[in-house]
Amino acid sequence: MKAMDLHNTTAKAFVLGDDVNTDLHCSSKYLPGKSMEYVAGVAFEQLSPGIAKQISASGSGILVAGENFGINSSREQATHILQLMQVKGIIAKSFGRQFYRNAINNGLPILECDVSQIKHSEEISVDFSRGEIRTTSGELLQAKALPVEILSLIEAGGLIAFLKDNPDWNFAK
């Protein structure tokens with residue numbers, strides 16, 4: 001995973017609902033014998049038909065969800081699929097804790113906040129480092145700020161990338 005700029009991310013918002021579990025975007029019915037690219041192309045079909053193609057057509061996107069995004073399993077492929085889809089980050093009211101940690105460990109930016117002001121398909125600007133989201137209508141939403149250590153892991157491209165450059169776990173660099 002490549003390093004990421006967390007200060008100014010702008011992309012179209014793709015809004016999903018509550019309780020979006022990992023089976024809805026990387027279902028085990030797709031994984032046996034299928035490539036990750038195939039799964040990325042059909043992700044979320046049961047929930048929002050065509051959303052993977054919409055994100056692809058936009059060149060990237062930011063997923064916006066309600067409560068419990070990523071619940072269900074500790075399937076690490078879930079974050080890899082989202083990265084293949086060119087998802088730049090996820091903003092949700094809350095996350096399943098295993099998914100939350102997998103996102104951090106794999107360098108996928110995430111924020112928790114009230115997402116009710118974000119509209120589907122609007123372009124949003126996100127400063128993941130400060131937890132700020134600006135909507136097209138000018139709303140400024142404040143998410144729960146992430147600790148500098150977690151931001152360092154995400155910015156480096158994930159835990160393994162961070163440890164390659166910081167085998168002593170030095171976050172002060």
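**Exercise 1. Find which residues of helix α6 (residues 148–156) are buried, and name elements that cover them.**

Step 1. Helices are DSSP runs of H or I with at least four residues, strands are runs of E with at least two, and numbering starts at the N terminus. Buried means under 20% relative accessible area, exposed over 50%, and partly exposed in between (1.4 Å probe, protein chains only).

Step 2. Note the source. This is a predicted model: local features need pLDDT of at least 70, side-chain atom pairs count only at pLDDT 80 or more, and totals for chains, interfaces and linings use all residues. Residues are numbered from 1 along each chain as its sequence is written, and side-chain values use heavy atoms, without hydrogens and water.

Step 3. Read the helix. Ile150, Leu151, Ser152, Leu153 and Ile154 of α6 are buried.

Step 4. Look at the cover. It includes α5 (97–105) and α7 (159–165), where contact means heavy atoms within 4.5 Å.

**Exercise 2. Locate Asp19 and Phe44, and decide whether each is buried, partly exposed or exposed.**

Step 1. Recall the background. Most residues other than glycine have a negative phi.

Step 2. Take Asp19. Its phi is positive, about 55°, although Asp19 is not a glycine. Asp19 lies in the loop between β1 (9–15) and α1 (22–26). Its relative accessible area is 40%, so Asp19 is partly exposed.

Step 3. Take Phe44. Its phi is also positive, about 65°, and Phe44 is not a glycine. Phe44 sits in the loop between α2 (36–42) and α3 (51–58). Phe44 is buried because its relative accessibility is 0%.

**Exercise 3. Classify the ring pairs Phe69–Phe99 and Phe95–Phe99.**

Step 1. State the rule. Rings of Phe, Tyr and Trp (its six-membered ring) pair if their centres lie within 6.5 Å; planes under 30 degrees apart are stacked, over 60 edge-to-face, the rest tilted. The count comes to 7 aromatic pairs.

Step 2. Phe69 and Phe99 have ring centres 5.2 Å apart and planes at 75°, so they are edge-to-face. Phe69 is in the loop between β2 (61–65) and α4 (77–84) and Phe99 in helix α5, so the pair ties together parts 30 residues apart in sequence. Phe69 is buried at 0% relative accessible area. Phe99 is buried at 1%.

Step 3. Phe95 and Phe99 have ring centres 6.2 Å apart and planes at 5°, so this pair is stacked.

Step 4. Ring pairs link Phe69, Phe95, Phe99 and Tyr100.
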